[in-house]
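Student: I'm new to this one and would like to learn how to read it. Could you walk me through it, feature by feature?

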Amino acid sequence: MELKVKSTAGCFLWLLSSAFISTPICEGGAISSGGGFIYETEANPWFMENTKEVPYCVEVDPTAFKLNQERVEQIVVKALDNWKNVFRDLDHNRFQPGASDLVGRVRLATQTFIRETCGPSTALRFQFGRLSPPQRLYIPDTTFVIAQTVRTSYDEVNMRGSGFIYISADKGPLKPSSPLIDENRWIFNNGIILYRVLAHELGHMFGLQHRGGKDALMGTMHPEVISRKSTTADLATQDTHEVQRVLENLNVLSVQVPFTDANCLPESINGLPVLHDIPDLKKQFFNMPQDWHCYRLDFEHNHFTVYGSPHKGDPWEYLGETDVANQSQEISLELISIQLPAQQRVFSKLPPDSRASGYLPGLSAITRHKFQAPYRSAASPSAPSWLNVTLLPDHGYEMEGVVNGRIEVFQINASE
């Protein structure tokens with residue numbers, strides 16, 4: 001697994017992880033962590049626009065959680081605020097207040113979150129390293145869990161949920177048992193890994209299901225992978241402020257440009273040289289020498305430039321670029337859909353399709369940007385080769401071009 005952290009100098013920091021642990025996540029019933037089997041309203045956002053305020057509380061067990069209460073509370077506030085900003089900025093949500101009553105329009109993450117002491121009416125509880133006896137019924141074995149979002153009740157009339165988000169202990173009997181997990185993950189870099197995992201779980205509370213690969217914020221394995229010793233070890237070698245800046249970014253639901261993808265293939269593993277004997281289709285297409293290990297692609301909206309270098313740390317050498325595409329296509333896909341309970345009183349005006357199906361589109365975003373353009377290499381600028389390029393959220397992309405007379409998908413960096 002590799003997480004790309006772009007630096008202000010235009011290069012990337014690389015987080016590498018070689019393996020996963022399998023973390024069983026319960027789905028259906030009262031568990032709503034995204035993905036898996038979803039029944040009835042389990043995939044719904046916990047709160048619709050009719051809920052104006054959400055009381056929440058934060059409980060930290062200092063005997064099981066290394067990060068102090070004050071810093072944990074700051075991270076909770078930041079994660080909530082940043083998700084609200086993401087939903088606010090998506091085009092689908094740019095309309096006047098009250099539009100949730102107009103032809104099924106939905107605005108999400110509009111609530112004011114108010115911290116209080118945990119009590120019977122608290123709608124959202126953040127549990128850091130601790131679970132009450134009733135909560136343990138939902139997560140009986142914590143040794144396989146990094147984090148879990150659990151909806152314990154749902155008001156089908158007002159479409160309002162309540163429950164808790166559990167973040168695993170990093171010491172004591174509740175901590176994960178895998179030796180691959182970093183016991184200092186939550187205190188690493190002032191809590192940046194904790195922020196990232198908490199943001200993943202809040203995404204489920206706001207109605208997002210698992211989407212993307214292990215590198216993507218909402219990817220199924222992302223909380224586990226980013227909590228690994230190998231990940232934090234690699235992050236520790238990078239610029240602290242740059243790591244924080246990139247990992248705090250939650251704008252991962254729609255395509256964003258410009259961005260850069262840079263990668264260096266490993267030249268050795270455990271001190272032994274890696275032999276790259278198989279010709280690389282990407283290198284062939286871009287006229288990059290097969291014994292070079294590093295490439296960099298700088299993407300604009302309908303254009304990108306390619307650079308390469310023999311080894312990590314060597315100067316980048318210009319290899320070529322595409323012409324600016326004169327045709328492109330943006331594809332908007334539904335990210336959240338809402339199951340309408342028969343008793344609901346939130347939406348009084350619905351489109352015919354929603355009345356018939358019981359489902360309401362909750363959120364859409366531009367999740368594909370496609371363009372076709374000729375690539376001109378520095379070695380043969382007068383002999384362009386055509387490329388089909390698809391940009392994806394979270395700086396993912398795929399390319400299709402002709403190599404050795406065959407159409408090949410020769411570069412995939414897929415976040416989905």
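Tutor: Buried means under 20% relative accessible area, exposed over 50%, and partly exposed in between, using a 1.4 Å probe and protein chains only. Before we go on, this is a predicted model, so local features need pLDDT of at least 70 and side-chain atom pairs count only at pLDDT 80 or more, while totals for chains, interfaces and linings use all residues. Residues are numbered from 1 along each chain as its sequence is written, and side-chain values use heavy atoms, with hydrogens and water left out.

Student: Where does glutamate 408 sit, and what does it touch?

Tutor: Helices (H or I, at least four residues) and strands (E, at least two) are DSSP runs, numbered from the N terminus. Glutamate 408 belongs to strand 18, residues 406-413. Contact means heavy atoms within 4.5 Å. Leaving out residues up to four places away in sequence, glutamate 408 touches Leu281, Met399, Glu400, Gly401 and Val403.

Student: How many helices and strands are there in the protein?

Tutor: Eight helices and 18 strands. Of the protein's 416 residues, 52% count as buried. Among contacts with a separation of 6 or more, 66% come from residues 24 or more positions apart.

Student: How do I read a disulfide, and which cysteines form one here?

Tutor: Look for a pair of cysteine sulfur atoms within 2.5 Å. A search of the whole structure finds one disulfide. Cysteine 57 and cysteine 118 form it, with their sulfur atoms 1.9 Å apart. The link is right-handed, with 95° about the S-S bond. Cysteine 57 is in strand 3 (residues 53-60) and cysteine 118 is in the loop between strand 4 (112-115) and strand 5 (124-128), so the pair ties together parts 61 residues apart in sequence.

Student: Is cysteine 57 buried or exposed?

Tutor: Cysteine 57 counts as buried, at 1% relative accessibility, whereas cysteine 118 counts as partly exposed, at 22%.

Student: What about aromatic pairs: how many does the count come to?

Tutor: Rings of Phe, Tyr and Trp (its six-membered ring) pair if their centres lie within 6.5 Å; planes under 30 degrees apart count as stacked, over 60 as edge-to-face and the rest as tilted. By this rule the count comes to 19 aromatic pairs. One of them joins tryptophan 83 and phenylalanine 87, a tilted pair at 5.7 Å centre to centre with 40° between the planes. Both lie in helix 1 (residues 69-89), four residues apart, about one turn of the helix. An α-helix has 3.6 residues a turn, so residues three or four places apart point the same way. Tryptophan 83 is buried at 0% relative accessibility, and phenylalanine 87 is buried with a relative accessible area of 0%.

Tutor: Phenylalanine 259 and tyrosine 397 also form a tilted pair, 6.4 Å centre to centre with 40° between the planes. This pair links distant parts of the chain, 138 residues apart: phenylalanine 259 is in strand 8 (residues 259-264) and tyrosine 397 in strand 17 (residues 396-403). Ring pairs link Phe259, Phe285, Phe286, Phe299, Phe304, Tyr375 and Tyr397 into a cluster.

Student: Which charged end sits over the ring of tyrosine 154?

Tutor: The test asks for NZ of Lys or CZ of Arg within 6 Å of the ring centre and within 35 degrees of the ring normal. Arginine 151 has its charged end over the ring of tyrosine 154, 4.1 Å from the centre.
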